[in-house]
Protein chains: 4
Amino acid sequence: MADILNIADKIFKSRLFTGTGKFSSAQVMEEAILASESELVTVALKRVDLEDEADDILSHLTSSRINLLPNTSGVRTAKEAVFAAQLSREALNTNWIKLEIHPDPRYLLPDPIETLKAAEELVKLGFVVMPYIHADPVLCKRLEDVGVQCVMPLGAPIGSNKGIKTEDFLKIIIEQSNVPVIVDAGIGAPSHAAYAMELGADAVLVNTAIAVSQNPIAMGHAFKMAVEAGRMAYLAKLAPIKERAEASSPLTSFLNEI
Amino acid sequence: MADILNIADKIFKSRLFTGTGKFSSAQVMEEAILASESELVTVALKRVDLEDEADDILSHLTSSRINLLPNTSGVRTAKEAVFAAQLSREALNTNWIKLEIHPDPRYLLPDPIETLKAAEELVKLGFVVMPYIHADPVLCKRLEDVGVQCVMPLGAPIGSNKGIKTEDFLKIIIEQSNVPVIVDAGIGAPSHAAYAMELGADAVLVNTAIAVSQNPIAMGHAFKMAVEAGRMAYLAKLAPIKERAEASSPLTSFLNEI
Amino acid sequence: MADILNIADKIFKSRLFTGTGKFSSAQVMEEAILASESELVTVALKRVDLEDEADDILSHLTSSRINLLPNTSGVRTAKEAVFAAQLSREALNTNWIKLEIHPDPRYLLPDPIETLKAAEELVKLGFVVMPYIHADPVLCKRLEDVGVQCVMPLGAPIGSNKGIKTEDFLKIIIEQSNVPVIVDAGIGAPSHAAYAMELGADAVLVNTAIAVSQNPIAMGHAFKMAVEAGRMAYLAKLAPIKERAEASSPLTSFLNEI
Amino acid sequence: MADILNIADKIFKSRLFTGTGKFSSAQVMEEAILASESELVTVALKRVDLEDEADDILSHLTSSRINLLPNTSGVRTAKEAVFAAQLSREALNTNWIKLEIHPDPRYLLPDPIETLKAAEELVKLGFVVMPYIHADPVLCKRLEDVGVQCVMPLGAPIGSNKGIKTEDFLKIIIEQSNVPVIVDAGIGAPSHAAYAMELGADAVLVNTAIAVSQNPIAMGHAFKMAVEAGRMAYLAKLAPIKERAEASSPLTSFLNEI
C-alpha cells in the first residue's frame, strides 16, 4: 500500500511543500520546485498580479503536478485574513488557503487569537484552511475542533534556518492530532526536514532554505530526498537511543591464538 | 564532473559505509546492504569463519559493488591489532583494515595511544589504514602524519544512536584534514547522517541503526537518500542561520484596498 | 543601587518564585521554601481548605517574607478561571492570581485563547494577573496589552524537568516585553534556572525540581544561589561565544631557552 | 561532614579553579579571583617574570587562600613540557603542574600522545600532574594509570565560551574515574559551570569567562555561587526528566461548585 498524504481529499505523493519567495528569478524558482517534486506550492497574494493572466510567478507554476496554495502573508488581523482569502479564492480559483497572521513585522510570528478566529470563519466560508501557528499543542487541538484541514506549527522562527527547535512540543502535537501536522518555518537544512519527518510529521514546508542556497535546484532535490528518507525511517522505526553502548561488532575470540 | 570519493585510489560513488553486525539474519543483512547501495562494508574478523569458504556472512556479500573492510574489533592493544590485521589480510585477501582498539568492553571507546601506534606500524606494513577514533582534532592530524588513508572520528558513543554530539570538534577536524573524514559511531537516524554530510564529512559509517530497525531494508534505503541529500546540500551551500527572521513572503500592500 | 524586581508595586529581592506541590510533608515544604529565600509562593486553591483557618499548608507559610500567590490550576476555561480567582481573593485576602488554564490533563499545557480572555476580565476586576503561557511572543504582547502585570512563559512541559527548551522564543519575549518575564515550568536543575536568568528573564518559578529532590532543603538553597548567579552574570554581561578559540594563556617564549 | 575536595592531600573548600589570563589589569584580576573565592589559580609561566621577585602577577596573588598552579601553556611536545615544569618548580617553589600540550596555535587543543608521555615522566619526577585533555574516557583512564592526581577534560574548545558540549563523554569519564574530574575549557557562563557540577564533576576551571566580562568581579562571584549551587544539587540529587508531565498542582475539585 502506498504511503500517501491526504488533505481535504487531495492526494499527495510528495510530503515536501515549498514556497515561491526569495528566489533570484522566476526561472530558478520553477526549476527548483520541479527538482523538489513538490506538489503544493505556497504563493503570497502580493506577488501575484491579480489583473494579469500572464503573471510571471503563475506562468512558472503550470506543471500539472503543482497545486497552488495562496497564503495570507502580510495580514495582521482575522478580518484582513478573511478578506485576503476571499480575494485569493476569486483570483486563483482555489478554496485552499494558508492562513498566516503575524502582526509583528520583525519576527513574523503568528498570532494565536486572530488565527483561531479567522480559521473558524474561513471554515464556515468553505475554505480548506491550513494555519501557520506556534508549536502550541492546545491551540492545535482548538484549530482542529473548528475544522481546519491540517495544522502547521513552526520549527523555529521563520527565515531563521535554525531547524527543529520545538521538538518537545511537536512530539505532543503529533501524538494528539487527528489532522495532518506539517512543520512550517525554521527548516534550514535537509537534516532538519528529515528529523521532522522522523518525529512523525506528515509533511514539511520549506522555502527560504531552498531559495537562498547557492544552488536552489540541487537544494530542492536534496530536500526531496531528505523528506523521503525521514518518512521512510519513521515507518521503518528508528533504533532506540541507549545510554550504554553495545558493539555492533561482538568481541572476538580469535585473539586467544596470540 | 561527478562527485566521487577517493580512498587509496579506490573510487566510491556511495558515501554510506555500512556494517554487518546485529542483523537478524544474513539474508536480511544482504538485502539491507544492497538497499543502502553501500560500496564498503565492514566485517568483524570474529564473524568470519576463516576456514570455511562458504562462510555465511561472506557468501552474502558477493555483489561486485561491495568491498569488504575487515575490522579489528575486539582487540585491546596495538600488538593485537597488528596481528588481527595480518590475519585478515591473509584470509580475506585485502590490505584494507578498519582499525578499532577499545580496551573497555562497556563503551567500546577507542584508545588514542594504541591506535596511533598500530596505525604507524600497519602503514609501514602496507595496509590501507582506516582508524576509528575519538573526535580529537590533534589525534586526527597525528594519524594523518603517519600515513592513514582517512580518519573515522565518532559522532557519539558506538551503538548509542545519539547522533552527532561531537559537532564542535568534527568541524575542526574537517577544516584541518587532508584525508577523508568519515563519521563513525553514534549515527542513529537518517537525519544524523544528513547532518554529518552537511558539516562536510566525506562519508559516514552506519551499522546499528540499520540492523536493529524494524525494517532494515527500508532503513538502509532511507540512509542512502539521507547521505545523498546531506552531500548535495553541502555542495549547494546551506542558507545561513539568522537571529532575526526575514519573511520569505514579503509584506503585502493589497490590504490597502480594505 | 539594589537590583530589585517590582511587580504591581510590590518589591522582591528574590527572583526565585516557588510552589507548594509534591513535597513529602508540609514541614519539608516550609523548610525548603525558607532555604530558597523565595518571597512569592504559589498555592493551588484545591490544596487550601478554605473553611479551615488552621489549614496545614497555610500554617506553614507564615513567614513575613512570603507572599502567597494563589493559582487557578485545574480550571479548563476562562469562566472557571474567573470564578476560581474570585474565590481565592475572598478566601486568601489577596488580589494576586496566577492564571493557569489547561484543558488537557495529560501535559497540562496552557490554553492561549481562554487565558487571554480570562486575563482581560480579571484585570478589569482589579486582579494582579500573572498568566502561565506557552513561550509565544505574540501572545505575550497581547496579554501585556490587556494589562497583566507579568508574563510567565514555559521553559518546557510542566513537570518534565527538561530545562529551557524554548530559548529561541524566550529571547524574543524578553526583548519585546514591557512587563517582567518569569520563566515558569520545565526548570529541573539549578543550571536551568541560571541559564534563564542569563538570558535576561526577570525571575523563575520552580516547584517540582525542589519538591521531589532527595533533599528539598538543600535543593531550595541551590536554586537560590543559581538564580542569583544567573542574574549577576546577566548584569555583568557574559563573554561572547567564539568559533575560534583564543588562549587565555598566551604562547610562551621561554621555550627558546631549550 | 563537610564536602571537601582533596587533591594530592591538599584540601579545597572551593571547587572553582581560576586563571590569570586576559584580565584588563592585575588589580582587576586580583579582585575577581578574591570574589570567586577560588583557592587554586593557574598561571602561565610566560607571564611570570622569573627573575623579578616583585613580578606584577605574583604580587597580586598573595592571599594565603590562593595556591598557584603553574601551567605549561605554549609547549608543543612532552620534552618541552617536562622542561617547563622543572623551570616552574624551581621558580615558583611548587611541584604542582597543569600540563597543557597543544601543538596547534589556532584552537589550542591538547595532544593526547604527548600529554600521556609527559604525564608519565612528570609523575616519576615527583610532580603533582593535572593534565588538560580532550574529553576522552580511555585517555583519562590511561592518565590515571600513570599516576596523575586528577584529569581535566575540556567542555568545549578553549576560549569558545560554548559551555558543556562533551557531556556524553564527561558522564562516562565521571563514572569511571578514580581521581577527581575537573572540567577545563569552554565554560562561558555560570549556568555551564553549574551544569558540569550537576553531572558530578569534582571542580571546574574558569578563566576567559570571568576575565573578559564587563564586570569580572561580579562575574567571579557569580561563578562561585553557580559552582556551589551545582555541587549542592548534585549531592541533593536532581529530579528525573520525564516525557509526560505531572502537574505540581493537582487538579482541583472545587470547580464542581460552579
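How many aromatic pairs does a search of the whole structure find over all chains? The search comes back with eight. Keep in mind as you read that this is a predicted model.

1. Let's start with the rings. A pair of aromatic rings is described by the distance of the centres and the angle of the planes. Take Phe12(A) and Phe17(A): their centres are 5.6 Å apart and their planes make 55 degrees, which gives a tilted pair. Both Phe12(A) and Phe17(A) are buried.

2. Now look at chain C. Phe12(C) and Trp96(C) have ring centres 6.0 Å apart, and because edge-to-face means planes over 60 degrees apart, their 65 degrees makes the pair edge-to-face. Phe12(C) belongs to strand β2 (residues 10–12) and Trp96(C) to strand β6 (residues 96–99), so this pair ties together parts of chain C that are 84 residues apart in sequence.

3. Back in chain A, ring pairs join Phe12(A), Phe17(A) and Trp96(A) into a cluster. Trp96(A) also has a charge over its ring: the charged end of Lys10(A) sits there, 4.9 Å from the ring centre. You can find another such arrangement in chain D, where the charged end of Arg89(D) sits over the ring of Phe127(D), 3.9 Å from the centre.

4. Next, an annotation. An unreviewed UniProt entry lists Gly159(A), Ala185(A), Gly186(A), Asn207(A) and Thr208(A) under "binding site". These residues are spread over 50 residues of sequence, yet they cluster in space, with a largest C-alpha distance of 9.4 Å. Gly159(A) sits in the loop between β8 (152–153) and α6 (167–176) of chain A, and it is buried at 7% relative accessibility. Thr208(A) is in helix α8 (residues 208–211) of chain A, and it is buried too, at 9%.

5. Helix α3 of chain C is worth a look. It covers residues 78–92, which is 15 residues, and reaches 21 Å from its first C-alpha to its last, close to the 21 Å expected. Its buried residues include Ala78(C), Val82(C), Ala85(C) and Leu92(C). What do the buried residues of α3(C) pack against? Their partners in chain C are α2 (56–59), β5 (67–71), β6 and α4 (112–124). Just after α3(C) comes Asn93(C), with a positive phi of about 60 degrees.

6. On to charges. Side chains of opposite charge can pair when their charged atoms come close. Over all chains, the count is 52 salt bridges. One of them, at 3.5 Å from N to O, is between Lys224(A) and Glu37(A). This pair links distant parts of the chain, 187 residues apart: Lys224(A) is in helix α9 (residues 216–236) of chain A, and Glu37(A) is in the loop between α1 (26–36) and β4 (40–44). Lys224(A) is buried at 13%, whereas Glu37(A) is partly exposed at 34%.

7. Some salt bridges cross between chains. Arg142(A) and Asp111(C) meet at 2.9 Å, N to O. Arg142(A) lies in helix α5 (residues 137–146) of chain A and Asp111(C) in the loop between β6 and α4 of chain C, so the pair joins two chains. Arg142(A) is partly exposed at 23%, while Asp111(C) is buried at 3%. Lys162(D) and Asp168(B) also meet in a salt bridge, at 2.7 Å, N to O.

Conventions:
Residues are numbered from 1 along each chain as its sequence is written. Chains are lettered from A and ligands numbered from 1 in the order in which they are written. This is a predicted model: local features need pLDDT of at least 70, side-chain atom pairs count only at pLDDT 80 or more; totals for chains, interfaces and linings use all residues. Side-chain values use heavy atoms; hydrogens and water are left out. Rings of Phe, Tyr and Trp (its six-membered ring) pair if their centres lie within 6.5 Å; planes under 30 degrees apart count as stacked, over 60 as edge-to-face and the rest as tilted. Buried means under 20% relative accessible area, exposed over 50%, partly exposed in between (1.4 Å probe, protein chains only). Helices (H or I, at least four residues) and strands (E, at least two) are DSSP runs, numbered from the N terminus. A charge sits over a ring if NZ of Lys or CZ of Arg is within 6 Å of the ring centre and within 35 degrees of the ring normal. UniProt positions are given in the numbering used here, feature names are shortened, and annotations may be inferred rather than shown by experiment. The expected span of a helix is 1.5 Å times one less than its number of residues. Contact means heavy atoms within 4.5 Å. A salt bridge is a side-chain nitrogen of Lys or Arg within 4 Å of a carboxyl oxygen of Asp or Glu.
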